[in-house]
Amino acid sequence: MGLRLMGDETAVWEAAARVLDANWTGTATVPAPGLYPHQWSWDSAFVSLGLARHRPERACIELLSLFRGQWATGLVPHIVFSSGVSGNAFFPGPEFWRSGAQPDAPRGVETSGLAQPPLQALAALRLAQGTGEHQAFLTRLYPRLAAQHAYLERERDVAGFGLVSLCHPWESGLENSPAWDRPLQAVDPPRSPFSGTQSPDGAVADRHVSLVRSMRDAGYRAEYLRDDHPFVVEDPLFNAVLLASTHALAEVAELAGADPGPHREAAQRIHGAMLDRLWDGGCFRARDVRTDELIPAATVAGFVPLLDPELPAAIVRSLAELLLSARFAGATGYPVPTCDVQSAVFDRGAYWRGPTWVNTNWLVWLGALTHHLDAVADLLLGSTLRLVRQSGFRECFDPFDGTGRGSHDFSWSAALVLDLLGSRRCR
């Protein structure tokens, strides 16, 4: 059954496809022209979801290209640097990360040393289900996905309760979220190349760079992260994505002829730990592992656990009520703002402290579908399409008037709009 588009949706589809075609390098899709010239981990996962609707053969290449950068430990780094791009094109570049000095890093490919939300197994499953030609692709990719998840389970469960800990705000994908303000105060920042620049908060940027330098100088060792690293945070978004991808990995394992049992057991551990560690009775919050305290900031990350298919009905209701309240979607014309609009730290113009993003809308939309919250899902789909019709495929958007912010022709905005439009034939 072919895809049926209505009204101007064909024009939106074609415009989104042009963005992805323009940002394609031959092996991967850059997040945006100029500003982000390399391959980012969860950007590629989001992009592959759109490419599965547009050019599925390219979606396979996109995911396999990312895993060129996988370390022997299983780490899928958050940046795989493109050869031939100037070292000055993006900071911090490969000369800062020094992955080539690490025995576990891949040879001939320069990478960062951080992770990002592991959406790849879910993306791979969606791609395989959409094309129907999955066996060879999944057989090739499954061991790499399994190693990625094993790394997170083995080396990043710092607290020992079954959740992955972030060691840097960049690992969250929501790098400037107010959820990181409190734990960042424990970081003593030397001056960095960000100091005195146009960065909106040079002290925060210095702390970000200081964290990378400390990890790099410690050889990115798990022992250092466990015992000495100052920033260790359990994040609801990262762990909810991990849970959704762990469920997907069990299905990928079956399709690839492997045992899904260990992945199903891992999913149950993550499910239980999220309820025990991150649910506070009203919403999901991040936990500072060093202080063993929940972080008070309420952000869009707290709604991503809707991806858990076994979330108790009472919690689903609470999250839906909060999402639709005057603290989030009920207060804005273009939901979902990334921070509680009634909070003192809300800033409609600062990255991840207020603006609406297509990727977080997509994650919450998928979670709403998981629990048959059809009104919420329709609200998010409709408002996201309104944003791109009004302002184009921008990096993010003002939640009150829909004005585009950040980069133009942003790949995941285009890709996820394709997936949203494509979802119509599946519902």
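Of the 427 residues of the chain, 60% count as buried, where buried means under 20% relative accessible area, exposed over 50%, and partly exposed in between, with a 1.4 Å probe and protein chains only. The structure is a predicted model, in which local features need pLDDT of at least 70 and side-chain atom pairs count only at pLDDT 80 or more, while totals for chains, interfaces and linings use all residues. Residues are numbered from 1 along each chain as its sequence is written, and side-chain values use heavy atoms, with hydrogens and water left out.

The chain contains 15 helices and eight strands; helices (H or I, at least four residues) and strands (E, at least two) are DSSP runs, numbered from the N terminus. The radius of gyration of the chain is 20 Å, close to the 22 Å that the globule rule gives for 427 residues, so the chain is as compact as a globular protein of that length. This radius is taken over C-alpha atoms, and the globule rule is 2.2 Å times the number of residues to the power 0.38. Along the principal axes, the C-alpha atoms fill a box of roughly 55 × 50 × 45 Å. Among contacts (heavy atoms within 4.5 Å) between residues at least 6 apart in sequence, 69% join residues at least 24 apart.

The accessible surface of the chain comes to about 15800 Å², and 50% of this surface belongs to carbon and sulfur atoms. Such areas come from the Shrake-Rupley method with a 1.4 Å probe; for residues, only the protein chains shown count as cover. The chain has 37 positive and 47 negative side chains, and the centres of the two sets lie 3 Å apart. In this count Lys and Arg are positive and Asp and Glu negative, whereas His and the chain ends are not counted; the place of a charge is taken as NZ of Lys, CZ of Arg, CG of Asp or CD of Glu.

Backbone geometry is considered next. Most residues other than glycine have a negative phi, and most peptide bonds are trans. The peptide bond from Phe91 to Pro92, however, is cis, with omega near 0°, and Pro92 is placed in the loop between strand E2 (79-80) and helix H4 (94-97). A cis peptide bond also runs from Pro335 to Val336, with omega near 5°; Val336 lies in the loop between helix H12 (313-324) and helix H13 (358-370).

Arg98, a residue other than glycine, has a positive phi near 55°. Arg98 belongs to the loop between H4 and helix H5 (120-131) and counts as partly exposed because its relative accessibility is 45%. His372 likewise has a positive phi, of about 60°, although it is not a glycine. The loop between H13 and helix H14 (374-391) holds His372, which counts as exposed at 66% relative accessibility.

Two buried residues complete the description. Asp398, in the loop between strand E7 (396-397) and strand E8 (404-405), counts as buried because its relative accessibility is 1%. Its side chain makes a polar contact of 3.0 Å with the side chain of Arg405. A polar contact is a pair of N or O atoms within 3.5 Å; within protein, one must be able to donate a hydrogen and the other to accept it, and residues adjacent in sequence count only if both atoms are side-chain atoms. Leaving aside neighbours within four places in sequence, Asp398 is in contact with Tyr334, Arg348, Thr403 and Arg405. Arg207, in helix H8 (residues 202-217), counts as buried at 14% relative accessibility. With neighbours within four places in sequence again left aside, Arg207 is in contact with Leu184, Gln185, Val187 and Pro189.
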